[in-house]
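Me: I've just opened this one and I'd like to know what the labels on it really rest on. Can we go through them together?

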Amino acid sequence: GSELVGGMLSVGGFVSAVSALVSGKDLHLKQRALQLLAARMAALPERLPQEHADVLLSMLPAVRAVLKAAGKGEGDALGRQQALVCVSLMAAKMGALNRKLFAEAATEVVAASPTARSPSPRRLAPAWRP
């Protein structure tokens with residue numbers, strides 16, 4: 001249902017609808033919007049027309065905001081995971097168009113990664129002595 005509608009919308013219409021949901025307060029809608037964005041990004045060709053790339057890049061700040069919140073321990077795990085997938089797909093498809101923008105996003109990706117907030121394996125494992 002929603003994948004079909006998302007595929008029928010123009011890139012601009014899709015970004016407008018998804019951006020509003022990603023920026024909203026409802027966690028379920030935010031998760032679903034990020035899931036739709038990831039699916040749309042995955043379905044796009046490797047080389048995007050510049051006008052499509054520009055419109056899709058306008059989504060990056062909203063996705064980065066989800067990652068920033070996750071880095072502070074806010075939000076939810078599924079939203080964080082979906083945002084990480086979105087940034088990864090966006091970087092793969094459009095990273096060469098704006099390397100600086102994705103380099104800046106890398107700090108949120110690292111901070112939002114589950115391993116960034118979990119204790120290191122060294123702290124969890126007892127010290128081994130022969």
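Reply: Of the 130 residues of the chain, 35% count as buried, where buried means under 20% relative accessible area, exposed means over 50%, and partly exposed is in between (1.4 Å probe, protein chains only). Keep in mind that this is a predicted model, where local features need pLDDT of at least 70 and side-chain atom pairs count only at pLDDT 80 or more, while totals for chains, interfaces and linings use all residues. Residues are numbered from 1 along each chain as its sequence is written, and side-chain values use heavy atoms, leaving out hydrogens and water.

Me: Which residues of helix 4 are buried?

Reply: In helix 4 (residues 50-57), those are Ala53, Leu56 and Leu57. They cover an arc of only 100° around the axis, which puts them on the same side of helix 4; the arc is that of the directions from the helix axis to the C-beta atoms. An α-helix has 3.6 residues a turn, so residues three or four places apart point the same way.

Me: What do the buried residues of helix 4 pack against?

Reply: Helix 2 (11-23), helix 3 (27-43), helix 5 (60-71), helix 6 (77-94) and helix 7 (99-112). Contact means heavy atoms within 4.5 Å.

Me: What makes a set of residues a nonpolar core?

Reply: Its members are buried Ala, Val, Leu, Ile, Met, Phe, Trp, Tyr and Cys residues joined through side-chain atoms within 4.5 Å. The largest one here has 31 residues, and those with the most contacts inside it are Val22, Leu37, Leu56, Met59, Val63 and Met94. Helix 2, helix 3, helix 4, helix 5, helix 6 and helix 7 each supply at least two residues of this core. Not counting residues up to four places away in sequence, valine 22 touches Lys30, Ala33, Leu34, Met59, Ala62, Val63 and Val66.

Me: How do you know which residues line the largest pocket?

Reply: On a 1 Å grid over the protein atoms alone, a pocket is an open set of points where a 1.4 Å probe fits, with protein on both sides within 12 Å along at least five of seven lines, and lining residues have an atom within 4 Å of a point. The largest pocket is lined by 14 residues, with Lys30, Ala65, Val66, Ala69 and Gly75 nearest its centre. Helix 5 gives the largest share of that lining, five residues.

Conventions:
Helix = DSSP H or I, 4+ residues; strand = E, 2+ residues; numbered from the N terminus.
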